Amino acid sequence: MTTVNHEPLWRPDPQRIARAQVTKFHTWAAEQHGAPSQGGYPALHRWSVDEPETFWKAVTEWFDVRFSTPYARVLGDRSMPGAQWFPGATLNYAEHALRAAATRPAEPALLHVDETHEPRPVTWAELRRQVGSLAAELRALGVRPGDRVSGYLPNVPQAVVALLATAAVGGVWTSCAPDFGARSVLDRFQQVEPVVLFTVDGYRYGGKEHDRRDVVAELRAQLPTLRAVVHIPLLGTEAPVGALEWSALTASDQEPVFEQVPFDHPLWVLYSSGTTGLPKAIVQSQGGILVEHLKQLGLHCDLGPEDRFFWYTSTGWMMWNFLVSGLLTGTTVVLYDGSPGYPDTGAQWRIAERTGATLYGTSAAYVMACRKAEVHPARDFDLSKVQCVATTGSPLPPDGFRWLHDEFAASGAVWIASVSGGTDVCSCFAGAVPTLPVHTGELQAPGLGTDLQAWDPDGHPVTDEVGELVVTNPMPSMPVRFWNDPDGSRYHDSYFDTYPGVWRHGDWITITSRGSVVIHGRSDSTLNRQGVRMGSADIYEVVERLPEIKESLVIGVEQPDGGYWMPLFVHLAPGATLDEALLGRIKQSIREQLSPRHVPDEVIEVPGVPHTLTGKRIEVPVKRLLQGTPLDKAVNPGSIDNLDLLHFYEDLARKRN
């Protein structure tokens, strides 16, 4: 449902509109490339999707993308999947990320904060030096273009240096956060067969130190392709036998050498949540990420050299990669390594205050938690530098918009940018536009170059109605492929099987007649806790190792108040009892082997788990039942092996509601 009140919650003042980069880009694109000079952002957006080659050429010129060899044309092939961007061109992502070192060497590129210390700067010159040193050492270790380099690291400067050094040599970066258990990491890294592993000995979270040396030892044993392991002593321990010291690899003073790679050369591998089996290993390109992130961060987020960019994230989430790309716009990037709510719920606002953040990004769940805990950010902290509060991970409920607006009203209303995209494109489909008003519960507009539509089941676009989120033209950051998907079938089936040649993302959305976007949550069954997505398959694998559990079903349910309820349903083996001891073992297994964030809110015994006729657990219909959808609308009865089992979930939903 769209909001009834048509009066905007916030409007940018004329000065903000005039100084916004997207305004300046629009004026220039009208003069240089024939963009419409009138009609504001909607006209610019229409042009960007009608004339994608001209638009993306303009983006590369506006941001001075350095092609070491020129491209033959912008789009060699427009088909999806398989679009070819800038064929013939070569470049390097890391070279662009470090460009500000030439003009602002002594200014901070990174500000690093954790639970124990004040912000520590890493200057542009120092960042460039460390990347140069590490890139040379990676080459000495035999890392060549296309080789995979992995990081089991928290959100610390060393992770940024390792990513950029990997990109500099043409390697392919991939990372997991250290709160992931060994099984979760191996499900990801074993697919891509890394040759180098950067790892910490542990991490600090919630006022405690968490030793991860046993997990690291298991990773080393289970990743036979590793040629080197690099030890980063975050907790001060000695390097294990055979590991290299981070300090030794980053000690020299040499200019980085940037391998010039094809536009579509892999930059990194991100992972889907693995709802049905292993997580998808999503490959995105150096050039595609470069131009998409320049557009998104420079035009939509309006970031530049005067800004400080803080987004609460971990290295296991695409928002970390997006955060690092803030360097592309010359922005100082804030890295916070710690709990989102320690020592108290206001923790993230305190980081924004201490670092002078101008754009602060977080999860919708954190905003709602602050509202519930009666945190008063603008009153309790000096947030005078914050120009924009952005949220993602799940839709920000209307109450969250209103709460944020009201909290900042006394000090001058803040721009609230609710954004929505995906790991699959490592960017946003819709969200921040600095020149447009903000309406309660709505994302401001689709992104430039993104032909976002809501489609009904027959493939017809709808306005002011709920439909499937689709993108009808290619985006440069769409995956170039999945790893270990030689014929492209898994990639095709993930996005293009419903509407041939059109990207279907798996979200329910409404595009309003005013051009804004409302996100209604996933149309599939990904679990999303505090912005961290995980697939149900990961949970099943761990829970069903316990002999007492015959089968399980886990559902993530977005609540009307902005909360998120994640029950785990268990079908017990004969003779087993769901007592406190078993309950404790279930939660402990998930906490230790997967992630503390994905411990269920409730564990509920059920008479059985319903399946499709081909034996797949049905998650989406159960989720719909739990959200109050009637049984006859939630599921096609002819597709279920035992329809009677669904009455249990229907009754549970009735009691809860």
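Which residue stands opposite valine 283 in E15? In this predicted model, where residues are numbered from 1 along each chain as its sequence is written, local features need pLDDT of at least 70, side-chain atom pairs count only at pLDDT 80 or more, and totals for chains, interfaces and linings use all residues. Side-chain values use heavy atoms, with hydrogens and water left out.

The residue opposite valine 283 turns out to be valine 269. Helices (H or I, at least four residues) and strands (E, at least two) are DSSP runs, numbered from the N terminus, and two strands pair if DSSP finds at least two bridges between them. Strand E14 (residues 266-271) runs antiparallel to E15, joined by 5 bridges. E15 also pairs with strand E26 (residues 481-482), again in the antiparallel sense, over 2 bridges; here arginine 481 is the bridge partner of valine 283. Buried is taken as under 20% relative accessible area, exposed as over 50%, and partly exposed as in between (1.4 Å probe, protein chains only). With 5 of its 5 residues buried, strand E15 (residues 281-285) is largely enclosed by the rest of the structure. Ala281, Val283 and Ser285 cover one side, with Ile282 and Gln284 on the other.

Elsewhere, 7 strands make an open sheet with mixed pairing, in the order E5-E4-E17-E16-E18-E19-E20. Strands E5 (120-123) and E20 (415-418) sit at the edges with a single partner strand each, so one side of each lacks a neighbour in the sheet. From one strand to the next, the twist averages 20 degrees; axes are lines fitted to C-alpha atoms, for helices over the stretch in contact, and angles run from 0 to 180 degrees between N-to-C directions. Strand E4 (residues 108-114) pairs with strand E17 (residues 332-337) in the parallel sense over 5 bridges, and histidine 112 stands opposite leucine 335 in E17. H7 packs on the sheet and touches E4, E5 and E17, its direction making about 140 degrees with that of E4; contact means heavy atoms within 4.5 Å.

As for helix H7 (residues 157-168) itself, 12 of its 12 residues are buried, so the rest of the structure largely encloses this helix. Glycine 170, which follows H7, has a positive phi, near 85 degrees.

Helix H4 (residues 52-62) and helix H11 (residues 286-300) have axes that come within 10 Å and cross at roughly 70 degrees. Phe55, Trp56, Val59, Thr60 and Trp62 in H4 meet Val291, Glu292, Lys295 and Leu299 in H11.
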